[in-house]
Amino acid sequence: MIETYNLGECIRSARPIMDEVIMEYTKQNDKFYLISPDMTRAAFPKFMNTCSDRNINVGIAETAAVDIASGMALEGFLPYVYGMSAFLSMRSFEAIRTNVGYQNHNVKFIACNTGVSLGMLGSTHYAMEDLALVSTIPNMTVICPGDPDQTVKAFYAAAEIDGPVYIRMANGKNESAVYKSQDYEFKIGKGITIREGEDLALIACGVMVSYANEAAKRLAEQGINATVIDMHTIKPLDEELVLKVAKNIGKIVTVEDHFKACGLGTKVASIVAEAGIPCKVKKLGIPDMYPGFGPFKDHLEFMGYGTEGIIDAAKEIVK
């Protein structure tokens with residue numbers, strides 16, 4: 001079992017953490033550039049002020065950012081594009097598909113404000129379908145870090161891949177840390193088993209890993225022992241691990257801050273179904289609706305995939 005924090009015990013912010021990391025990486029790699037549609041000042045002010053020659057602000061023009069990054073990659077540079085996930089994945093989807101994916105250009109994307117994290121701005125700013133969209137692009141690797149510190153691991157791992165990578169950074173501010181130590185192994189395409197239990201498996205990604213882990217701890221107090229998996233890589237998904245828990249446990253609940261359709265849950269269910277393994281799969285996430293305005297935690301509880309919703313789903317599936 002990996003030692004973890006309780007939900008809310010340790011609050012961290014990925015943006016200032018990544019600000020420091022990006023500054024250091026800029027010194028190490030003279031091919032690195034950060035391109036952003038007017039988002040750098042809000043996220044990485046230290047980098048912007050100290051490495052202005054490696055920061056390209058294209059203004060509020062996500063498609064332009066993708067096109068410039070594609071051209072720079074063609075010339076041998078290592079461009080990272082940082083922007084809001086709703087607009088990167090949808091407004092510039094064709095550019096990502098054709099100019100990056102189709103060309104297999106070495107462009108990395110860091111997408112912030114994912115899921116319903118921008119609660120007070122409403123559905124126009126929610127990225128509820130980005131995993132579904134970018135996962136369909138051939139050559140694209142899709143990573144959904146489990147907590148703020150894991151974003152650093154994802155950043156460096158992405159740099160080692162020769163090809164496009166999409167990192168889903170959640171909101172980037174004031175989120176619950178999961179891992180007490182950073183000594184655990186992070187490998188693209190391999191999920192992390194945080195804790196083991198024989199009654200069901202909770203497979204979560206991104207910010208929902210902390211909620212799934214909290215639910216498992218509370219379930220254990222009630223005599224229900226859950227395996228918890230941080231499925232940080234959505235593509236390529238760790239099929240071997242999914243099949244292992246499907247075969248050995250036979251009950252899976254997936255949790256994601258994304259539409260239940262075509263995200264992590266759909267991929268897990270498809271793997272289980274194609275293998276012909278008799279296993280129950282319950283998907284938790286955003287239902288087929290446009291959520292209204294409100295705090296992030298309120299959204300989770302209202303739509304049934306917060307801590308209480310996970311506990312209820314777990315009890316239901318183990319009956």
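**Pockets, burial and cores**

Author: Lining the second largest pocket are Thr193, Glu196, Gly197, Glu198, Thr227, Ile229, Leu241, Lys244, Val245, Asn248 and Ile249. This is a predicted model, where local features need pLDDT of at least 70, side-chain atom pairs count only at pLDDT 80 or more, and totals for chains, interfaces and linings use all residues. Residues are numbered from 1 along each chain as its sequence is written, and side-chain values use heavy atoms, with hydrogens and water left out.

Reader: What makes Asn29 buried?

Author: Buried means under 20% relative accessible area (1.4 Å probe, protein chains only). Asn29 has 18%, so Asn29 counts as buried.

Reader: Which residues does Asn29 touch?

Author: Contact means heavy atoms within 4.5 Å. Leaving out residues up to four places away in sequence, Asn29 touches Arg54 and Leu78.

Reader: What makes a set of residues a nonpolar core?

Author: Its members are buried Ala, Val, Leu, Ile, Met, Phe, Trp, Tyr and Cys residues joined through side-chain atoms within 4.5 Å. Here the largest nonpolar core has 72 residues, and Phe155 is one of those with the most contacts inside it. A second, separate core of 40 residues includes Val100, Ala201, Ala246 and Ile249.

Reader: How do the residues lining the second largest pocket divide?

Author: Into four nonpolar, four polar and three charged. Ala, Val, Leu, Ile, Met, Phe, Trp, Tyr, Cys and Pro count as nonpolar, Asp, Glu, Lys and Arg as charged, and the others, Gly among them, as polar.

Terms used: Buried < 20%, exposed > 50% of the residue type's maximum accessible area, 1.4 Å probe, protein only. 1 Å grid on protein atoms, 1.4 Å probe; cavity = no way out; pocket = protein on both sides within 12 Å on 5 of 7 lines; lining within 4 Å.
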